[in-house]
Structure formats: structure tokens, C-alpha cells
Amino acid sequence: MSNPLSRFAGWIGDWAGQGEVADGTEILFRMQVSSSVEGNALCFHMESWVGQMQLLHGLRLILAPCPDGTLQCMGFSTRFGMVNLTPTPDDEDVLALAGPATGGMQISFSLIQQEENTLIATGMARPQDAPPGFAASGGTHGILRRVAPWRPPGS
Amino acid sequence: MAMTTPLVSRFQSMLGYWRGPNQLETGRHGLLEMHFHSHFEGELVQLDAYTWDTVTGETFSAGTGLFALKHDGRLIENLYVGRFGFCMLHETDDEPDVLALLGDLPGGRTMSVSLRLEDDELLLTSQLKAGVVGKDLPRTVARLKRYDRPPGEGA
Amino acid sequence: MPTPLITRFAEWLGTWRGKCEFSDGREGLMQFRLTSIFNGEAIQVETASYVSDSGAPMTRGSGFFSLDRQGRVVNNIYADYLGFAVLVETPDDPEVLSLEGGLPGNRTLAVTMSVADDLMTLSSRVGEGYKSAAGRPRTYTQMRRVGSFPRAEGVAE
């Protein structure tokens with residue numbers, strides 16, 4: 001199949017899990033991956049929650065091929081504004097994206113397939129004008145598992 | 001029920017499904033469907049748009065756009081259209097009841113879009129302009145009728 | 001690991017659109033969208049039909065495919081012009097999905113669907129309770145897949 005999205009199509013579905021942000025605050029994660037733009041794009045809708053189910057961060061991304069076949073990604077972050085991300089070369093089972101946000105931050109985000117039904121999500125933001133060697137203080141890390149219907153043990 | 005935010009208040013009367021005849025730049029006739037829906041408690045409005053052949057149902061064009069507000073209160077749209085790729089549109093000055101956006105496309109072209117509600121019709125005009133060299137394409141006009149409005153967020 | 005439902009209907013997932021002839025003689029455009037939900041335990045089916053030229057709505061429907069304990073497809077549907085119904089698979093050729101069930105008002109609904117070469121064919125017929133509906137007009141559509149539903153290599157969903 002020539003569709004460059006094919007390697008991520010197996011991620012279509014619902015994912016949920018736990019993680020933490022840089023200061024150690026525990027978060028709940030939810031991610032929905034769906035086909036979009038009549039199959040020409042994948043939509044990643046991500047939400048992280050703290051405390052009494054307050055939305056800490058919402059991120060909605062559209063990953064799609066340009067007319068020349070290269071993948072690009074655009075989206076919106078409730079914390080950083082519009083984002084325009086470019087996939088960075090990585091392994092087949094990794095989606096690594098980086099690029100600027102209109103709020104002035106440089107965003108990096110990755111999903112790494114750990115096992116068939118496990119994804120590791122990491123996100124980082126630093127000012128676009130940060131000097132070399134700047135250590136990003138914020139970061140999110142979580143483990144997402146595919147949401148599958150419960151079955152009785154042994155079935 | 002979608003929370004009313006400054007962004008949603010701009011789009012309140014447009015949320016939902018719209019459909020109507022459309023003529024493409026090439027002169028072909030189609031049906032245009034637009035679906036405005038909000039996410040993240042009204043921090044983001046998404047527009048999904050499709051144009052298809054009125055006889056065969058074949059898709060001419062499919063795209064999706066994400067609208068948010070900048071710090072200055074003006075709209076910004078992150079847009080993906082399969083035929084063109086990615087671009088960012090910025091709100092421009094126009095009549096108070098017109099939502100007008102302008103942005104650069106790959107290849108030195110520019111795209112302008114305007115939306116206006118006239119009674120129960122949504123009037124959409126768009127134009128692709130060539131770069132320094134080349135010919136501007138004719139402005140396309142579509143009059144869309146609302147045909148569905150499921151209540152609440154995600155409408 | 002794809003579920004038995006997805007193994008059987010992987011090629012049906014996505015969006016389909018094409019001309020439709022309704023049983024009452026009208027013509028329009030029909031659109032079907034089939035989406036896997038709950039990790040393949042069910043398939044959501046959304047249908048809509050339009051007047052070709054104006055885009056005015058003609059019919060809307062929604063439903064779910066799932067498998068019962070015998071492995072038969074059960075289709076829970078709602079359509080604005082029919083109401084609610086539960087359709088159950090009836091024997092047919094392996095590549096054809098035939099469904100039948102009761103409608104409100106002592107009517108029956110029979111649907112046959114198949115997909116071959118990215119062409120989905122659907123035929124449906126509404127009958128009256130205890131009589132065979134073989135002679136009644138049917139709604140018939142052939143829809144082409146629109147877009148390119150991304151599917152992972154070797155993964156059905």
C-alpha cells in the first residue's frame with residue numbers, strides 16, 4: 001500500500017492510560033485515533049486530566065500527506081495554540097513530531113509502540129528562542145493502552 | 001451543550017451541518033458539505049468540508065480546518081486540503097458580518113475564504129491566486145443550507 | 001488480533017457513495033460510513049441520502065453490526081423513514097450479507113449487501129407482516145469507496 005499513513009493505521013481506536021508531568025503530578029490520558037478527511041488523514045485527539053477531571057492539556061492533530069507524499073501534521077493545543085509539526089525520521093513503530101506553536105513554543109511529541117496494544121506518549125515544549133543547551137522544564141510522559149472490552153478471566 | 005467561549009460565540013450560528021451546490025474552479029458541478037463542530041469545551045472549532053460529484057458521488061475535494069483565536073482576538077485557521085496540502089489562514093478586515101481569511105499555500109499561491117450568514121443560508125466564497133507568475137483561478141461561490149443540527153458539543 | 005467481525009468485514013470499513021434508486025421511484029445519492037468501534041466488537045453504520053442537485057436531505061439512518069453467539073450478524077438500526085428495527089442474518093452466499101427483521105406497524109425489512117472490487121451493492125425491500133415482499137419495489141444502490149481508508153499491512157482493522 002502506498003498510503004504513507006498505513007504504518008500508523010493499526011493505531012486507529014481508543015487508548016487510555018496514566019502518566020505524569022514534570023513536577024510529578026499524576027495525569028490520566030485518553031487518546032482517540034480515527035480516520036479523517038475521507039481516509040486521507042489520521043486524527044489524533046488527546047486529552048490529559050488532573051484532579052477532579054480537569055482538562056490539563058488537549059491536543060488535536062491531523063496527520064496527512066502533502067501532494068508530494070511527505071507526511072505533515074497540523075493541530076491545536078489548549079496550552080500552546082496552533083501547532084505545525086513535521087515528522088522526524090525514526091523507526092517504523094514510532095511517530096515523532098516536532099515544530100512550532102503560534103504561542104511561541106517549540107513542541108515535540110512522540111508516540112512509541114511498545115507492544116501491540118501499548119503506546120508510550122511523550123511531549124515537551126520549550127521557547128522557540130531558547131538558547132542552546134536550554135533544558136526544557138515541562139514535559140509529559142505516559143503509557144497508553146488500547147481500550148478493549150473486558151472479558152471474564154479464562155475466556 | 002457547548003460552553004460559550006469567545007471562539008464559539010463567533011461560530012455559534014454556524015455549528016452543525018451545511019450542504020449545497022458548488023462549482024469548482026474547473027467549472028465542474030458538485031455538492032459541498034460542511035460540518036462545524038467544537039472541541040475542548042469551545043477552545044477549538046473544527047470544519048470538515050467535502051465536495052463530491054452530484055451524479056456519481058465521487059469526491060472532488062476533502063479537507064479539514066481548525067479554528068482558534070489569537071491573542072489579539074483574531075481568528076487563525078490551520079487548514080489541510082488533500083489537493084493543496086497544509087496552510088495557515090489569518091483573519092482579515094471585512095464587513096462585520098463576514099468572516100474573511102487569507103493565507104499562503106505551497107508554491108507561492110494564496111487562498112482567500114469568506115463566510116457569511118444570509119438568513120438561513122451560509123454563503124462561502126473562496127479563491128486561489130497564483131504567485132508572481134501564473135493565472136488566478138475564478139472565485140468559487142457556494143450557498144449552503146443547514147440540514148441538521150445535533151445538539152451539544154461535537155455538533 | 002482482529003475480532004471475527006472485523007476479519008469478515010474489514011474490506012467494508014470506510015465511506016461509500018453512489019447513486020440510489022428508492023422503492024418509491026425517487027433517485028438520489030446514498031452515502032454509507034462504516035467504522036469499527038470498541039476495538040472491533042461492533043461496526044457503526046451511518047447512512048444518509050441526498051437529492052443529487054441540491055444536497056437536500058432525503059433519508060438518514062444509523063446502526064450497529066455485531067455478531068450473536070451463533071456467529072450471525074445482528075444489525076440494530078434506526079432510520080428516519082422506517083423507525084427502529086433489529087435485523088438478523090439469514091443464509092445466503094458467503095460474500096453476501098442478507099438481513100431480515102420486523103419493523104413497526106407489522107412490516108418487515110429485508111436487506112442484502114455485498115462488497116466486490118471496492119463497489120458496495122445494497123438492496124432493501126419493505127414488506128407487510130405476513131406476506132412475502134418479493135414483488136414489491138426495492139431500494140437499490142451501488143456505491144464506490146471514497147477516499148483511501150488507511151489500513152495497516154496485515155491488520156484488518
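Me: In chain C, what share of the contacts with a separation of 6 or more comes from residues 24 or more positions apart?
Reply: That share is 31%, where a contact means two C-beta atoms, placed from the backbone, within 7 Å. Keep in mind that this is a predicted model, where local features need pLDDT of at least 70 and side-chain atom pairs count only at pLDDT 80 or more, while totals for chains, interfaces and linings use all residues. Residues are numbered from 1 along each chain as its sequence is written, and chains are lettered from A and ligands numbered from 1 in the order in which they are written.

Me: OK, how many helices and strands does chain C have?
Reply: Chain C has 1 helix and 10 strands, reading α-β-β-β-β-β-β-β-β-β-β along the sequence. Here helices (H or I, at least four residues) and strands (E, at least two) are DSSP runs, numbered from the N terminus.

Me: And what's the radius of gyration of chain C?
Reply: Chain C comes out at 15 Å, which agrees with the value near 15 Å for a compact globule of 157 residues. That radius is taken over C-alpha atoms, and the globule rule is 2.2 Å times the number of residues to the power 0.38. The C-alpha atoms of chain C fill a box of roughly 45 × 40 × 25 Å along the principal axes.

Me: What percentage of chain C is buried?
Reply: Of its 157 residues, 34% are buried, meaning 20 or more other C-beta atoms, placed from the backbone, lie within 10 Å of a residue's own.

Me: Switching topic: how many residues does chain B bring to the contact with chain A?
Reply: Chain B brings 19 residues and chain A brings 21 residues. On the chain B side, β3 (44-53), β4 (59-69), β5 (75-81) and β6 (85-91) each supply at least two residues. The largest share, 6 residues, comes from β4(B).

Me: What are they by class?
Reply: That side of chain B has 10 nonpolar, 7 polar and 2 charged residues. Ala, Val, Leu, Ile, Met, Phe, Trp, Tyr, Cys and Pro count as nonpolar, Asp, Glu, Lys and Arg as charged, and the others, Gly among them, as polar.

Me: Now chain A: how many bridges join β1 and β2?
Reply: There are 8 bridges between β1 (residues 13-21) and β2 (residues 26-36) of chain A, and the two strands run antiparallel. Strands pair if DSSP finds at least two bridges between them.

Me: Which residue is the bridge partner of A:A16?
Reply: A:R30, in β2(A). The hairpin of β1(A) and β2(A) has 4 residues between the strands, and A:G24 takes a positive phi near 90° there.

Terms used: A residue is buried if 20 or more other C-beta atoms lie within 10 Å of its own, exposed if 12 or fewer, and partly exposed in between; C-beta atoms are placed from the backbone.
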